[in-house]
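Colleague: I am new to this structure. Please take a close look at a single part and walk me through it.

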Amino acid sequence: MESLVKYVWIIPAAPLLAAGVGALLPAGRRRLGAGLAIGAMGVSFLLSCAAFFTTLHPGRAACNFRWFEFGDTAVPLGWVLDPLGAIMLLMVSLVSLVIFVYSVGYMAKDGNFTRFFCFMALFAAAMLGLVIANSLLLFFICWELVGLASYLLIGFWFQKPSAAAAAKKAFIVTRIGDLGLFLGMLWLYARTGTLLFYDGGHGCLEQLGAGGLAASTGISLLIFCGAVGKSGQIPLHVWLPDAMEGPTPVSALIHAATMVAAGVFLIARVYPLMSAESLEVVTWVGALTAVFAASIAVAQNDIKRILAYSTISQLGYMMMGLGVGGVAVGMFHLITHAFFKALLFLGAGSVIHSCQDEQDIRKMGGLRKLMPLTFATYAVGMMALCGVPLFFSGFWSKEAILDAAHHWRVSQAPFYLGLIGAFLTAFYMTRQVCGVFFGTPASAESGHAHESPPVMTVPLAILACLAVVAGFFGTPAWPWFQSYLEGGRAALDLSKIAAAHQLPILLLSTTLVFAAILLSGWIYLKAAARTSREMDPLEAAQPAVFACLNRKFFIDEIYDATVVRLTAVFASVSDWLDRAVWGGLVRAVSWLALALARLDRAVDEEVVNGGFDACTETVRGSGEWVSRLQNGQVQRYLRIIGLAFCALLVLLLWGSQ
Amino acid sequence: MLNEIIFLLCASLTLAGAVAAMMLRNLVHCALCAAGAFAGLAALYLQLDAQFVGLAQLLIYVGAIAILIVFTIMLTRGDEVRPGASIASPLWWVGLPVGALVLACLVGAIMASPSLLRLPAGAVHAPVRKIGEALMNRYVMPLQAVGLLLTAALLGAVAIGLREPRDAESKTQ
Amino acid sequence: MTTPLANYLIVAALLFSVGLAGALARRNAVLVLIGLELMLNAANLNFIAFWRFGPHAERLAGLMFVIFSIAVAAAEVAVGLALVIAVYRHRRTAQLDRLDSLKG
């Protein structure tokens, strides 16, 4: 590990280089653009595997260097290689590689093919850099870069006004969270004097033990603000559904698997700083978000929006897991969620691609027979998300969270909220699958859908396998994942499943999931069989409730009426102040300066020039007048000499008397 | 007594010649009368025991300068005053009072001076030898300077009086 | 020598004013020059008179002055007459009221 950690910077550097070169490519070189990105991602994946294998021996290695100095203060940066980082590296590089390959097929008809891969490579580089960062400053830099890449990719089709608005919204809302993160950073630096996580005992996360920094609620809550923005917890979740304006690979990579997980990763990274109070806050926020988003997803009709709200809900679960159970619980769900959510998004992309960019589930149907491979993989993903037991990873990761919530000493409410969320998740996923894949096609496009090309279906298959297999690494029978992260050794013990405190929860959640699937299937299979589907059965039953859920609890409208309007008022006041008051002042000063200048010029031209001209004119005139005396007549001169002689004589002789 | 008569004669000769020189119409007559005035002055010098100067006056003024004047009158004959026209310059009536004024001032000055009726101290001898010695000893520098001046005047007069080449003269015609 | 100094001085003064009046009143340039010579001669007479009647007549100061004055007057008259001739050649006139091109 010590020897590899010096080279771990290559993992983000390779896609960064690909992005740099890709930015210079002309738009026609599609193969080269995609090849660069996929090649770089391949290199990163191989190195991540190597890094992962070195971390199988417990331990942590950090490599720090001085970035710059000013005066006596040095700003160090560095990267760290430990189990938490290594598992994230592996997941990010693998999912990115798979999605890059998928994008070659999905974006084949787009004119901005090379630009797409350039931005995706940039994103991958920033995400990988974020994972290995050993300094909160480097982490923040990569955090912002990831946000930038997200903005660029959400607004990829910037000619669409809705896409441009969504990109702006994403950036601004996450900015609000980042403000809290930045303040937390400053506070942490002020308290500990360093932003390095691990520095041979002096890092800010290492100063907690021997009489150093006591876990500070304030710092950790501020840092959690950043995570709230980036991971779409309430109240800063509003950008994630709108971010679905971007291409589907973008939604899969950024807004399902990786970037939104960066918030969860942040909390996991700075976990030593979290006090009990802040962990409570994290839990409550996560639990409420989970139920809130799941309930909205029930009433959505856009295939990607359903998945977006599902992502928000699952992120809430992750936060809840971090709060009640610790790093391992939250991270396990993060890793499994990455695989099956990416799978679901890519599957949705495959459906959209075949239905000529149709995204409304009410216009789809019966795609099960027309796109069998997509249906199979989508079904695997859906069952993983719902938590269908035993063979699907989502079951085991959600189990771990619910188990930890049940044992939480503060309150049982998050446990019940988690159960409600699980029910709703299964409900809306079944609704979606029924609406898209079962029944009869509701439009001409979906009637003519065909299976996607292999470049798109092979990644789906890979992710489906991972969605199944990844779960086996964290079962109670073989808690490899937990022990890997915590540094212990795990033993395969099948009897643990049947342990007393685990089994009731397992059974309870399984029952809820199956109940939801059956209920939803019964309602929606009938609805899907009809060719025209204006009215959702739930909408017919409870129009008011459905409308409220469909309109996302009117959060966007509330924000628009309050925060946005307030900002607009403030902006117009500032504008008026700037234009009228400060601008007026400046104009007054300039007017004064101009007036003074004109006065000066007038004085100069009239008084000074005039006076001077008058003087010289006088001199010239008098000279001209005097010169008239000299008329060229010698005798006149002689006369004058004579007179002068007389005068002189008189003066000399009689003047002195 | 004799002295005074001689003085009066010489003085009146001088003054008459001067007045005639300034008032006659014919220019050559004027020049000759001027020569007469110079001669009268020479006589006065002789009476004043300045023999060298008196004879020098005769030599130079009467012998050279008056002749020169006559030459010049001869050479500038072309623009004679028409008979009947005035020989006086315009504004002559300003010039005469100026002359009178000057006379008045001078006479006034002379009359007011204390040494008016002074008589000479004694006999004065100014032999040429003494003049020569003085010229060579005390006044050698002025002598050289005057020599230079005369050379320059000679050259200047020749240069000014030189006839210009044919083409330049035809231009002025 | 029984004529007093004053007589000589008055003669000189008269000669001077006649010369001046003639120089101012006549038109011809040569006559102006003659008037100039008369003025010079009047001054010379003054010098000789003062030399004769003044103290230290053995020093010959007045005499010397007059000698040099006559020399200089000769030079000056030569040049002046040459000038008149040169002007006459150009302008075909020796009348002073027509020669006024050196005006200011």
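Modeller: Chain B has seven helices and zero strands. Helices here are DSSP runs of H or I with at least four residues, strands are E runs of at least two, and both are numbered from the N terminus. Along the sequence, chain B reads α-α-α-α-α-α-α. This is a predicted model: local features need pLDDT of at least 70, side-chain atom pairs count only at pLDDT 80 or more, and totals for chains, interfaces and linings use all residues. Residues are numbered from 1 along each chain as its sequence is written, while chains are lettered from A and ligands numbered from 1 in the order in which they are written.

Of the 173 residues of chain B, 27% are buried, a term that asks for 20 or more other C-beta atoms within 10 Å of a residue's own, with C-beta atoms placed from the backbone. Contacts, meaning C-beta atoms within 7 Å, can also be sorted by separation in sequence. Among those in chain B between residues at least 6 apart, 52% join residues at least 24 apart.

Now to helix α1 (residues 2-23) of chain B. Its axis and that of helix α1 (residues 5-25) of chain C come within 9 Å and cross at roughly 10°. Axes are lines fitted to C-alpha atoms over the stretch in contact, with angles from 0 to 180 degrees between N-to-C directions. So α1(B) is roughly parallel to α1(C), the word for angles under 35 degrees.

Who meets whom? On the α1(B) side, the residues include B:Phe7, B:Leu15 and B:Met22. The α1(C) side includes C:Asn7, C:Leu14 and C:Gly22. By class, this contact has twelve nonpolar, four polar and no charged residues. Nonpolar covers Ala, Val, Leu, Ile, Met, Phe, Trp, Tyr, Cys and Pro; charged covers Asp, Glu, Lys and Arg; the others, Gly among them, are polar.

Definitions and conventions
Buried ≥ 20, exposed ≤ 12 C-beta atoms within 10 Å, placed from the backbone. Contact = placed C-beta atoms within 7 Å. Parallel < 35°, antiparallel > 145°, perpendicular 65-115°, else oblique.
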